[in-house]
Amino acid sequence: MEKKQLKEYIHTCMHQLYGGVIRRQQHLIRCLVGDYHSSSSRSGPLLLVNKCTRMQSVMSGGNPTLEVDALSILRSISPNLDATKHKGQAGRIAVIGGCREYTGAPYFSAISALKIGADLSHVFCTKDAAPVIKGYSPELIVHPLLEESYNVRDEDITTSLNKVLIEVDKWMERFDCLVIGPGLGRDPFLLDCVTDIMKNARQNNIPMVIDGDGLFLVTNCLDLISGYPLAVLTPNINEYKRLVQKVLNCEVNDQDGPQQLLSLSKSMGGVTILRKGQSDYISDGKEVKSVSIYGSPRRCGGQGDILSGSVAVFFAWARKLVGNGEPDINPAMVSCIAGSALMRKAASLAFQDKKRSTLTTDIIEHLGRSLEDICPVR
Ligand SMILES: NC(=O)C1=CN([C@@H]2O[C@H](COP(=O)(O)OP(=O)(O)OC[C@H]3O[C@@H](n4cnc5c(N)ncnc54)[C@H](O)[C@@H]3O)[C@@H](O)[C@H]2O)[C@@H](O)CC1
Ligand SMILES: Nc1ncnc2c1ncn2[C@@H]1O[C@H](COP(=O)(O)OP(=O)(O)OP(=O)(O)O)[C@@H](O)[C@H]1O
Ligand SMILES: [Mg+2]
């Protein structure tokens, strides 16, 4: 190829590459501000999707005015797969959780992250839990670094705590997002270790998705996340109740659910909260959005763990978009919307297939097809 031809070729490639990025970003903003109705170039199928999701919102008892076009948002943040990328660019996630009682939850969260498209998924758990979690999957990188009180003598508490922190710290800066809490348990020494891990992560501006016993921890120690814009909380019905009682000093008010969620998030300094339920509601203290895409009527344990792993990957992806010049989106909000949409779609497909016997592992098996339906690989 001649020098001039080569220059033109590079120019065309750059144009295609950045043109695509800009189009994708404009699309994302339109999804978030919901102006599809006014956009002539976006009539037809997308308008239909939007009407459809609003209808689902009504049917699930949600608020159609808050319903967001979650599938389009998911599409907008999903990176293309191409041959120029190297391992790690699609996300490196770490789950902090897994103890004697709970080995399923961290596995569900970490494997979901991989199935969605993260390149690497780590689990930091106790020594007892590690061989079990490794046994579930060779794909996960499992670190048996955490300790529970029964394994630590009183006189060794400080040295053991420091040892754990030094070991975990070696890995920390490699991660695009942490998931704190699936199957963590509530052992006091373990929670002390995780408190320091979270302080460290916050100092290093690492995003954190906090779920399960991680929520038990932060509800009792709000300063850990208060005012941290890179924190996402994903409470279920009990976890939400405890948060509302602690922060707002009142009971959950379902009559005015979205407004209370907004106040809760605002009172916590703008952390993003995804309140899981019949419809999922998401707020960053500035706005509230809902996702009511059909899910599954099965409420088997572990579905929230799929969600936490998914949100972590989408957080990593959405943050990259912001890094590429995305003007005014909150990656925490976007990642919750995308995670909720994907989880519900996969649950619905799994239920079509397995009906009453649907389990969390069945839903995980449908993550790939769900993503492919929403956002096909080109
Ligand atoms: N297969 C698994 O390993 C799964 C584990 N899970 C994990 O299970 C843990 C609890 O989640 P839930 O959604 O059930 O939490 P909830 O807070 O909804 O309920 C837990 C129940 O157990 C009690 N409880 C839990 N730990 C306790 C402790 N140390 N001392 C006294 N009471 C205690 C609570 O008071 C409550 O009644 C989380 O770490 C979660 O991630 C779930 O994700 C489901 C799947
Ligand atoms: N009534 C419902 N209808 C449809 N989907 C629901 C319903 N309740 C919860 N979900 C969905 O299931 C997922 C998990 O929510 P759930 O409240 O079961 O979390 P959890 O109790 O933390 O789960 P886990 O057992 O993993 O701890 C969320 O993505 C949510 O959207
Ligand atoms: Mg849970």
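**View 1. Two parallel strands, β4 and β5, sit side by side in this predicted model.** Strand β4 and strand β5 (residues 208-210) run parallel and are joined by three bridges. To find your place along the pair, look for Leu-178, which stands opposite Met-208 in β5.

**View 2. Here is the open sheet of nine strands.** Reading across, the order is β3-β2-β1-β4-β5-β6-β7-β8-β9, and the pairing is mixed. The edges belong to β3 (141-146) and β9 (288-291); each has a single partner strand, so one side of each is left without a neighbour in the sheet. On average, neighbouring strands of this sheet are turned by 20 degrees against each other, direction ignored.

**View 3. Meet Asp-187, a buried residue in a loop.** Asp-187 lies between β4 (177-180) and α7 (188-203). Is this residue buried or exposed? Asp-187 counts as buried because it has 22 C-beta neighbours inside 10 Å, and 20 or more are needed for that label. Once neighbours within four places in sequence are left aside, Asp-187 is in contact with Cys-99, Glu-148 and Ser-149. Take a moment with Ser-149: Asp-187 and Ser-149 are 38 residues apart in sequence, and their C-alpha atoms are 6.7 Å apart in space.

**View 4. Now for ligand 1 and the residues around it.** There are 17 residues around ligand 1, and those that come nearest are Gly-104, Ala-105, Arg-186, Gly-212 and Gly-301. Which elements give two or more residues to this shell? They are α4 (104-116), α9 (237-247) and α11. By residue type, the shell around ligand 1 divides into four nonpolar, nine polar and four charged residues.

**View 5. Helix α11, one of the elements around ligand 1, gets a view of its own.** Helix α11 covers residues 303-323, which makes 21 residues. From its first C-alpha to its last, α11 reaches 30 Å, close to the 30 Å expected at 1.5 Å a residue. Helix α11 is mostly covered, with 17 of its 21 residues buried.

Conventions
Residues numbered from 1 in each chain as written. Chains lettered and ligands numbered in written order. Predicted model: local features only at pLDDT ≥ 70, side-chain atom pairs only at ≥ 80, totals over all residues. Helix = DSSP H or I, 4+ residues; strand = E, 2+ residues; numbered from the N terminus. Buried ≥ 20, exposed ≤ 12 C-beta atoms within 10 Å, placed from the backbone. Contact = placed C-beta atoms within 7 Å. Expected span 1.5 Å × (residues − 1). Near = placed C-beta within 6 Å. Nonpolar A, V, L, I, M, F, W, Y, C, P; charged D, E, K, R; others polar. Pairing = 2+ DSSP bridges. Axes fitted to C-alpha atoms, helices over the stretch in contact; angles between N-to-C directions.
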